[in-house]
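Here are my notes on the model you sent over. Have the structure open while you read, and click on each residue as it comes up.

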Amino acid sequence: MTDQVSDVPERQRFEILRDGEVLGHAAYQKTDQMIIFTHTEIDPSYEGQGLGGHLVRSALDQVRDSDLKVLPICPFVQAWMSRHPEYQDLDYRRPASNVTD
């Protein structure tokens, strides 16, 4: 039993699937510069299994590969990103560093 996360651009969302069944999704809107996550939802019968975190991590990894920034409007994505500093560089709201040696 392997969960897979796929981008479904025609539905403007990432979906998490298990054996072909959609267990949840992270809805988005995309511009040339960023992807705006608006809503994340997991089927209530699968809540508490870490699927939301797996969905968001996989979606953000795919976004990183596409060289876009993220605007996390969705409270779940916001909270997840705040708990995972290794994804802070994707946040569109984060100011660029001016630190020099």
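1. Let's begin with Tyr-28. Is this residue buried or exposed? It is buried: the relative accessible area of Tyr-28 is 4%, and anything under 20% counts as buried. Keep in mind that this is a predicted model, so treat every value here as computed from a prediction.

2. Tyr-28 makes an aromatic pair with Phe-37. A ring pair is described by two things, the distance of the centres and the angle of the planes. For Tyr-28 and Phe-37 the centres are 6.4 Å apart and the planes make 75°, an edge-to-face arrangement. Phe-37 is buried too, with a relative accessibility of 1%. In total, the structure holds four aromatic pairs.

3. Two of those names come back when you look at the core. The largest nonpolar core has 24 residues, and Phe-14, Phe-37, Leu-60 and Val-70 are the ones with the most contacts inside it. Strands β2, β3 and β4 and helices α1 and α2 each supply at least two residues of this core. Which element gives the most to this core? That is α1, with six residues.

4. Next, zoom out to the sheet. It is an open sheet of five strands in the order β1-β2-β3-β4-β5, and the pairing is mixed. At the edges you find β1 (3-8) and β5, each of which pairs on one side only. From one strand to the next, the twist averages 30°.

5. β2 and β3 run antiparallel and are joined by six bridges; one example is Arg-13, whose bridge partner in β3 is Ala-27. These two strands form a hairpin with two residues between them, and Asp-19 in the turn has a positive phi of about 50°. β3 and β4 also run antiparallel, this time with seven bridges, and their hairpin has three residues between the strands. What about β4 and β5? They pair in the parallel sense, over four bridges. Phe-37 turns up again here, with Pro-72 in β5 as its bridge partner.

6. The helices come next. α1 lies across β1, β2 (13-18), β3 (21-30), β4 and β5, and its direction is at about 130° to that of β2. As for α2, it packs on the sheet, where it touches β4 and β5, and its direction makes about 120° with that of β5.

7. Which residues of helix α2 (residues 75-83) are buried? They are Val-77, Trp-80 and Met-81. These three lie on the same side of α2 because they cover an arc of only 95° around the axis. That buried set packs against β4 (34-42), α1 (51-65) and β5 (69-72). Turn to the face pointing away from the buried side and you find Pro-75, Ser-82 and Arg-83, which are exposed.

8. Opposite Thr-40 stands Ala-26. Ignoring residues up to four places away in sequence, Thr-40 touches His-25, Ala-26, Leu-55, Cys-74, Phe-76 and Val-77. Val-77 is one of the buried residues of α2 from the point above.

9. Last stop: a loop residue. Tyr-46 is in the loop between β4 and α1. Is Tyr-46 buried or exposed? At 18% relative accessibility, Tyr-46 counts as buried, since the cut-off is under 20%. Setting aside neighbours within four places in sequence, Tyr-46 is in contact with Arg-18, Glu-21, Leu-23 and Leu-51. Check Gly-24 too: Tyr-46 and Gly-24 are 22 residues apart in sequence, and their C-alpha atoms are 8.8 Å apart in space.

Methods. Residues numbered from 1 in each chain as written. Predicted model: local features only at pLDDT ≥ 70, side-chain atom pairs only at ≥ 80, totals over all residues. Heavy atoms only, no water. Buried < 20%, exposed > 50% of the residue type's maximum accessible area, 1.4 Å probe, protein only. Arc of directions from axis to C-beta. Contact = heavy atoms within 4.5 Å. Pairing = 2+ DSSP bridges. Axes fitted to C-alpha atoms, helices over the stretch in contact; angles between N-to-C directions. Phe/Tyr/Trp six-rings, centres within 6.5 Å; stacked < 30°, edge-to-face > 60°. Core = buried A, V, L, I, M, F, W, Y, C linked by side-chain atoms within 4.5 Å.
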